[in-house]
Amino acid sequence: MRIVKFLGAVIGLLVAAAVIVPLAVLAGLFIWLKLTEDADEELLELEQEQPEPA
């Protein structure tokens, strides 16, 4: 009976890790995207302000 509980706990931990790890990665990518989005917009604004050479 102990081994059944142990296997259940191991399988439960593996399932939890399989759900939590990808969610943490996606959250990190989302935060990185939001942090770099402002810098990208500033670069685009600077490029638009510069006059093009003739």
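Colleague: How many salt bridges does a search of the whole structure find?
Modeller: The search finds one salt bridge, meaning a side-chain nitrogen of Lys or Arg within 4 Å of a carboxyl oxygen of Asp or Glu. This is a predicted model, in which local features need pLDDT of at least 70 and side-chain atom pairs count only at pLDDT 80 or more, while totals for chains, interfaces and linings use all residues. Residues are numbered from 1 along each chain as its sequence is written, and side-chain values use heavy atoms, with hydrogens and water left out.

Colleague: Which residue pairs with Glu-37?
Modeller: Glu-37 pairs with Lys-34, and their closest N and O atoms are 3.6 Å apart. The two are separated by about one helical turn because they sit three residues apart in helix α1; helices here are DSSP runs (H or I, at least four residues; strands are E, at least two), numbered from the N terminus.

Colleague: Why does Glu-37 count as partly exposed?
Modeller: Because its relative accessibility is 31%, and partly exposed lies between buried (under 20% relative accessible area) and exposed (over 50%), using a 1.4 Å probe and protein chains only. Lys-34 is also partly exposed, at 42%.

Colleague: Switching topic, what does the secondary structure of the chain come to?
Modeller: It comes to one helix and zero strands, and buried residues make up 0% of the 54 residues.

Colleague: And where does Asp-38 lie?
Modeller: Asp-38 lies in helix α1, which covers residues 2-49, and with 45% relative accessibility it counts as partly exposed.
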